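Here are my notes on the model you sent over. Have a look at it first, then go through the points below.

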Amino acid sequence: MTQSQQQFGQRPRQIKLSAYLVGTGMHVAGWRHPHAQPDASIDIDYYRKLAQTAECGKFDIAFIADSLAINEQSHPNILNRYEPITLITALACATTHIGVVATASTSYIEPFNMARLLLSADHISKGRVGWNIVTTRDLSGNTALNFGGQEHYEHSYRYKRAEEFVEVVQGLWDSWEDDAFQRDKASGVFFNPDKLHRINHQGEFFSVQGPLNIARSQQGHPVLVQAGNSESGQSFAAKSAEVIFSIKYNIEDAKTFYRSFKEKVAAAGRSPEDVYILQGISPIIAESDEAAKAKLRQLEALITDEQGIGFLSDYFRTVDFSGFTLESRAIDAGLDRVDESKSDYKKHQPVIARENPTLREVYSLLTGSFSGDHLVGTPEKIADTLEHWFQQRAADGFMLMAPLLPDGLDDFVNLVVPILQERGLFRTEYEGSTLRDHFGLPKPANRFSAAEVKA
């Protein structure tokens with residue numbers, strides 16, 4: 001164990017788990033599976049059941065992703081779906097303990113609106129909300145056109161804007177001290193005006209007076225989640241995020257990211273122990289390794305050449321896929337040497353060059369529906385892999401991105417979670433009632449409270 005690992009491991013660790021809930025799952029053709037409900041992404045009863053299943057498995061988080069624009073090549077599960085903050089509010093009312101995290105962008109909304117929406121949901125959930133902060137990747141090419149613009153914000157500009165955005169939101173969340181509302185009927189005093197604060201923010205991007213018209217929640221602030229993998233994204237996350245979402249396809253890359261990011265957190269003046277890194281996983285679980293591989297083949301067979309080649313042609317604008325099928329090899333199409341700036345492709349390019357997968361497998365890699373052979377197999381194999389990554393400081397926990405829902409979540413809860421619990425790696429009961437309780441995160445001090453500042 002390295003010196004930095006010793007520094008980061010001062011308290012007992014247990015695996016943290018988040019369930020990524022998106023319609024019929026991460027696999028782009030999952031909606032065609034015999035077990036799938038094709039309209040799942042717009043069925044609230046279906047989502048409630050998913051969240052309740054994750055809660056039965058004692059998951060920390062039910063996670064909802066988002067995008068602000070679509071086109072004809074978009075994943076079927078995002079073509080017709082709920083707005084995330086609305087959805088997590090409904091899920092909070094269908095559960096009692098699990099945290100509910102919504103993705104929301106800092107690029108196309110005002111901080112006051114965001115602060116109010118999230119804190120309202122946090123009150124309704126009794127302190128179980130998290131905010132997955134994104135600056136919005138323009139995968140469809142038309143995001144700005146949906147918001148009165150012509151060009152999407154440049155990458156570094158988005159993150160610079162986001163830093164001020166989050167600062168304003170957190171300031172607004174502290175508009176009221178926790179005991180500001182006295183509601184004294186006898187005296188007629190509803191609130192103590194000395195405990196109401198305006199942020200009076202004047203910055204490069206925003207001018208916001210405040211106060212926010214809703215008080216702090218049971219957990220103080222919603223938990224901040226972030227998934228930026230670029231240098232700008234990591235720098236931003238190191239300063240403010242409390243839960244980090246990453247996807248690495250081998251343990252060495254995951255360990256390197258874990259160590260590097262925890263060091264960035266420390267350099268930002270924060271405790272690395274108060275920041276949790278969750279690695280995304282898309283396991284295929286069955287009673288034997290061969291049965292799991294058969295499950296994967298069944299899913300992959302649902303992808304049509306038209307769908308797969310159409311996606312790859314749209315993704316790799318400089319590559320001519322004429323004459324290729326999904327069974328063609330990546331190197332034959334030149335994908336091992338193509339100059340592509342997309343960050344999610346760069347992380348896969350070494351694997352593509354080394355293993356020469358089929359275009360069908362490349363498609364699955366880029367759409368996040370396949371994590372690799374180490375996560376295809378029996379419940380014991382999956383549990384062994386997660387334990388190894390956890391113990392080797394490659395992750396503090398995992399984001400379950402099931403290729404097929406509800407099957408993948410059911411299998412994980414019923415077959416893998418009990419093994420992790422038997423090994424003492426995962427809770428058997430919730431330790432508290434708020435999302436901060438689940439992660440052992442402190443309630444944020446109110447920056448305007450004289451008593452808290454003095455303490």
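Which residue is the bridge partner of Val243 in S11? Tyr276 is.

A word on the basis: this is a predicted model, where local features need pLDDT of at least 70 and side-chain atom pairs count only at pLDDT 80 or more, while totals for chains, interfaces and linings use all residues. Residues are numbered from 1 along each chain as its sequence is written, and side-chain values use heavy atoms, with hydrogens and water left out.

1. Start with strand S10, residues 243-246. Helices (H or I, at least four residues) and strands (E, at least two) are DSSP runs, numbered from the N terminus. S10 runs parallel to strand S11 (residues 276-281), and four bridges join them. On strand S9 (residues 223-226), also parallel to S10, there are two bridges, and here Val225 stands opposite Val243. Strands count as paired if DSSP finds at least two bridges between them.

2. Now the side chains of S10. Val243 and Phe245 point one way, Ile244 and Ser246 the other, and all are buried. Buried means under 20% relative accessible area, exposed over 50%, and partly exposed in between (1.4 Å probe, protein chains only). In a regular strand the side chains alternate between the two faces of the sheet.

3. S10, helix H8 (residues 251-267) and S11 form a β-α-β unit, and it is right-handed. That is, with the strands pointing away from the viewer, the path from the first strand over the helix to the second runs clockwise.

4. On to the packing. The largest nonpolar core has 71 residues, and Phe59, Trp131, Trp173, Leu409 and Phe412 touch the most other members. Helix H6 (residues 155-173) gives this core its largest share, eight residues. A second, separate core holds 29 residues, including Leu296 and Tyr345. By nonpolar core I mean buried Ala, Val, Leu, Ile, Met, Phe, Trp, Tyr and Cys residues joined through side-chain atoms within 4.5 Å.

5. Please check the backbone at two prolines. The Gly210 to Pro211 peptide bond is cis, with omega near 0°, and Pro211 sits in the loop between strand S8 (207-208) and S9. Leu405 and Pro406 are also joined by a cis peptide bond, omega about 5°.

6. Two positive phi values deserve a look too. Lys58 has phi near 60° and lies in the loop between helix H2 (44-56) and strand S2 (61-64). Lys58 counts as buried because its relative accessibility is 17%. For Asn200, phi is near 45°. Most residues other than glycine have a negative phi, and most peptide bonds are trans.
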